[in-house]
Amino acid sequence: MIIMKKLLLLITVVLFISCSSDEESDNGITLEPNQKTLYFEDTYQIEASSISAITYSVENEFHASVSSTGLVEVGRVGETTIILDNGEETKEEIITVTPKSTLYPTPNLEFGISRSQLEDSLGTPDAETDESILYTTSLGYNMLYLFDDDNNLDFSSVIIEEQHTSELVTYLGERYLLVSDTDEFYMLINGLSMATSTLAIGASEMNDDYLLVLYSPIDDSTLNKSSNTYKIDSSLINKISKILKNKLNN
């Protein structure tokens, strides 16, 4: 009799644990898949289920945003994480935004490194002046680096052949946010606002044959805090144009 009571007690405990486990799994989040590769301006519905309501949030809205129902609107090239939470469990889905245009590789953006360090990394330049070095290619682009008075990297730029204008618009648009444009200059940044960005990208027509894309760090010297705008000295554009005209015509 005692053995029977112990056996019944054991069965009851096992059934209780089993039911508890089922309840825990039922209250979890089912997510499939847990990573997705998409393009700029794509939309994607996250497929997730749970007994409890799921809330969605995103780590970096520059790369993607997500609605309360899990609809993802894809932003600029890069990677971010969508976080799903039902109050009892948290799961993550990695969103990778890949580019359609690979017009040119991103230039070296290690602003502040020495000229010799840059040349060690990129090799012997095809042309140079006291304040710049130029790397030419046969692929429709050339790269020019400018240095400050201490011979440290100050600006990076890419010179694009005019025939690639349409693809350049795609290339920049899927990577950066346009914040201003005039007849002569387009300004983009690598964040959703000037305050959260670290890089400014300016694009303009240099002449009938070439387009200029200029990369510059955003810091206290270039950020107008009162208006939250970025400023580039027009003399810099003129200086770059003169260097490029001389070198590319030689």
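## Contacts around Ile 160

Contact here means that heavy atoms lie within 4.5 Å. In this predicted model, and with residues up to four places away in sequence not counted, Ile 160 touches Leu 103, Tyr 104, Gly 140, Tyr 141, Leu 168, Asp 209, Tyr 210, Leu 211 and Val 213.

Ile 160 also belongs to the largest nonpolar core, which has 24 residues, and together with Tyr 104, Leu 172, Val 213 and Tyr 215 it is among those that touch the most other members. At least two residues of this core are supplied by each of β11, β12, β13, α3, β16 and β17, and the largest share, four residues, comes from β12. Apart from this core lies another, of 16 residues, among them Leu 38, Ile 46, Ile 54 and Ile 82. In soluble globular proteins, nonpolar side chains tend to be buried together.

## The eight-stranded sheet

Eight strands form an open sheet with antiparallel pairing, and their order is β10-β11-β12-β13-β17-β16-β15-β14. The edges are taken by β10 (127–129) and β14, each of which pairs on one side only. On average, and with direction ignored, neighbouring strands of this sheet are turned by 20° against each other.

Two of the pairings can be followed in detail. Strand β11, covering residues 132–136, pairs with strand β12, covering residues 141–147, over five bridges in the antiparallel sense, and Ser 132 has Leu 146 in β12 as its bridge partner. Strand β14 (residues 177–181) is joined by four bridges to strand β15 (residues 186–189), and the two run antiparallel. Together β14 and β15 form a hairpin with four residues between them, in which Asp 181 stands opposite Tyr 186 of β15.

## Helices across the sheet and a buried serine

Helix α2, residues 115–122, lies across β10, β11, β12 and β13 and runs at about 10° to β11, whereas helix α3, residues 165–173, lies across β13, β15, β16 (199–205) and β17 (210–217) and runs at about 20° to β17.

Strand β13 (residues 153–161) holds Ser 156, which is buried, with a relative accessible area of 0%. A polar atom of the Ser 156 side chain lies 2.7 Å from the backbone oxygen of Asn 108. When its neighbours within four places in sequence are left aside, Ser 156 is in contact with residues including Pro 107, Asn 108, Leu 109 and Phe 111, and also with Val 213, Leu 214 and Tyr 215.

## The four-stranded sheet

A further open sheet is formed by four strands in the order β2-β9-β8-β5, with mixed pairing. Because β2 (35–38) and β5 (55–58) stand at the edges with a single partner strand each, one side of each is left without a neighbour in the sheet. Neighbouring strands here are turned by 20° against each other on average, direction ignored. Four bridges join β2 to strand β9 (residues 90–97), and these two strands run parallel; within this pairing, Leu 38 has Val 97 in β9 as its bridge partner.

Strand β8 (residues 78–85) contains Ile 82, a buried residue with a relative accessible area of 0%. Ile 82 and Glu 93 are 11 residues apart in sequence, and their C-alpha atoms are 5.1 Å apart in space.

## Salt bridges

The structure holds three salt bridges. In one of them, Arg 115 is paired with Glu 119, and the closest N and O atoms are 3.4 Å apart; because Arg 115 and Glu 119 are four residues apart in helix α2, they are separated by about one helical turn. Arg 115 counts as buried at 10% relative accessibility, while Glu 119 is partly exposed, with a relative accessible area of 24%.

The side chains of Arg 115 and Glu 128 also meet in a salt bridge, at 2.9 Å from N to O. This pair links distant parts of the chain, with Arg 115 in helix α2 and Glu 128 in strand β10, 13 residues apart. Glu 128 is partly exposed, with a relative accessible area of 46%. The remaining salt bridge is between Arg 175 and Glu 174, with the closest N and O atoms 3.2 Å apart, and both residues are buried.

Methods
Residues numbered from 1 in each chain as written. Predicted model: local features only at pLDDT ≥ 70, side-chain atom pairs only at ≥ 80, totals over all residues. Heavy atoms only, no water. Buried < 20%, exposed > 50% of the residue type's maximum accessible area, 1.4 Å probe, protein only. Pairing = 2+ DSSP bridges. Polar contact = N/O pair within 3.5 Å; in protein donor to acceptor, adjacent residues only side chain to side chain. Axes fitted to C-alpha atoms, helices over the stretch in contact; angles between N-to-C directions. Core = buried A, V, L, I, M, F, W, Y, C linked by side-chain atoms within 4.5 Å. Salt bridge = Lys/Arg side-chain N within 4 Å of Asp/Glu carboxyl O.
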